[in-house]
Amino acid sequence: MKKILALIVCAMLLLSCTAALAEKVGVSMPTKDLQRWNQDGANMEAMLTEAGYEVDLQFASNDVKTQLDQVENMIAEGADVLVISAIEGSSLGEALAMAKDEGIPVIAYDRLLMDSDGVSYYATFDNYMVGTVQGNFVKDALDLDNAEGPFNLEITAGDPGDNNARYFYQGAMDVLNPYIEAGKLVVISGQTAFDDVATPTWASEVAQNRAENILSSFYANGENVDAWLCSNDSTAQGVVAALDANYNGEWPIVTGQDCDIVSVKNMIAGKQSMSVFKDTRTLAAQVVKMVGQILNGEEVDVNDTETYNNNVITVPSFLCEPVFADINNYTELLIDSGYYTEDQLQ
Ligand code: BGC
């Protein structure tokens with residue numbers, strides 16, 4: 001009996017020692033409101049735990065001050081590495097300076113952390129490529145090189161506080177601008193500059209309100225809008241809601257990004273034409289790998305050391321490849337790969 005007791009005590013001691021030894025990773029995500037961040041958070045937590053790390057996962061309700069407090073807490077509680085997806089890229093300067101002082105490496109997750117030299121690495125999908133995939137989709141769907149046109153286009157971009165948003169916009173506009181300049185694409189609202197088409201916090205309601213205004217001001221007399229370039233799914237959902245409520249013309253081409261469940265359902269229903277699939281499992285696996293490399297003192301995997309300057313430093317980055325998704329390949333991409341079950345898309 002004594003022996004068994006002694007064995008149990010030893011096992012408990014061993015367990016608590018390993019727990020105490022486990023390195024701590026703080027993961028700060030912007031919000032639970034959008035499906036993608038829930039998935040990113042859950043994947044990161046599962047994969048980091050599986051790799052033997054202690055994980056402190058926090059979501060910041062899209063509130064900049066909350067995120068700052070959460071990251072500062074992670075530092076105070078002894079995080080060994082921080083993985084941060086910022087609500088607003090330039091708002092975490094104080095926390096990043098603290099992390100730097102304490103020698104804690106920081107990985108910017110999906111969104112670049114701006115205006116600070118306290119960022120060690122950046123892992124994301126190729127943001128500019130996301131935009132070119134969207135732009136090329138519009139170009140091909142309207143057959144802009146051959147069709148006579150002109151076609152009407154409207155544009156809805158992302159959050160000005162998110163560094164990604166300008167890359168998505170620019171990638172798409174670099175494809176579409178020549179056709180706008182040639183008069184083959186016409187933006188009747190006249191709103192083409194990023195600041196005119198941006199959607200603060202990527203909120204669907206904001207995108208919907210703006211789209212409703214455009215539809216009632218410029219498309220109320222029977223004009224068709226042929227394509228609506230939307231930078232992501234949450235904005236596309238707002239535009240689709242506005243079209244549902246305020247538009248009687250031919251349904252336009254609508255682009256998106258993320259393959260959110262609601263948007264995939266819209267794709268199946270013919271209301272959104274495409275999305276860009278950014279498999280959050282791929283990004284999470286890459287970041288877990290980078291965390292391991294940092295903590296083991298190994299060389300960290302990066303494939304881009306030039307593109308992402310945050311106004312202070314150029315941050316070594318790993319860019320994963322985004323994948324085009326539409327009605328024809330979503331089953332293979334999303335269901336066969338186990339990303340969603342068939343039931344989730346009913
Ligand atoms: C992400 C997109 C996402 C958007 C809104 C961006 O930073 O890269 O995938 O749709 O934020 O959450």
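The following legends describe close-up views of a predicted model.

Local features are reported at pLDDT of at least 70 and side-chain atom pairs only at pLDDT 80 or more, whereas totals for chains, interfaces and linings use all residues. Residues are numbered from 1 along each chain as its sequence is written, and side-chain values use heavy atoms, with hydrogens and water left out.

**View 1. Arrangement of domain 1 and domain 2.** Domain 1 comprises 2–126 + 279–321, and domain 2 comprises 127–278; these bounds come from an automatic or database domain assignment. The domain centres, taken over C-alpha atoms, are separated by 33 Å. Domain 1 contributes 20 residues to the contact and domain 2 contributes 18 residues, where contact means heavy atoms within 4.5 Å.

**View 2. Area buried between the domains.** About 1600 Å² is buried between domain 1 and domain 2, with carbon and sulfur atoms giving 47% of this area. Buried area is the accessible area (1.4 Å probe) that two parts lose on being put together, summed over both. Of the area that domain 1 buries against domain 2, 31% is supplied by Gln35, Asp126 and Asp279, more than by any other three residues.

View 3. On the side of domain 1 that touches domain 2, the elements giving two or more residues are α2 (35–50) and β5 (121–125), and β5 provides the largest share, 3 residues. Helices (H or I, at least four residues) and strands (E, at least two) are DSSP runs, numbered from the N terminus. The count of salt bridges between the two domains is 2, a salt bridge being a side-chain nitrogen of Lys or Arg within 4 Å of a carboxyl oxygen of Asp or Glu. A salt bridge also joins the side chains of Asp110 and Lys278, at 3.9 Å from N to O.

**View 4. Surroundings of the ligand.** The ligand is surrounded by 13 residues, the closest being Arg36, Asp110, Arg111, Asp162 and Asp258; a residue is included if one of its heavy atoms lies within 4 Å of the ligand. A side-chain N or O atom of Arg36 is 2.8 Å from an oxygen atom of the ligand. The corresponding distance to a ligand oxygen is 2.9 Å for the side chain of Trp37 and 2.8 Å for that of Asn232.

**View 5. The Arg36 and Asp40 pair in helix α2.** Arg36 and Asp40 form a salt bridge whose closest N and O atoms are 2.9 Å apart. Because these residues are 4 apart in helix α2, about one helical turn separates them.

**View 6. Backbone features in two loops.** Gly149 and Pro150 are joined by a cis peptide bond with omega of about -5°, and Pro150 is placed in the loop between α5 (127–141) and β6 (151–156). Ser61, a residue other than glycine, has a positive phi near 50° and lies in the loop between β2 (54–59) and α3 (64–76). Most residues other than glycine have a negative phi, and most peptide bonds are trans.

How values were computed:
Polar contact = N/O pair within 3.5 Å; in protein donor to acceptor, adjacent residues only side chain to side chain.
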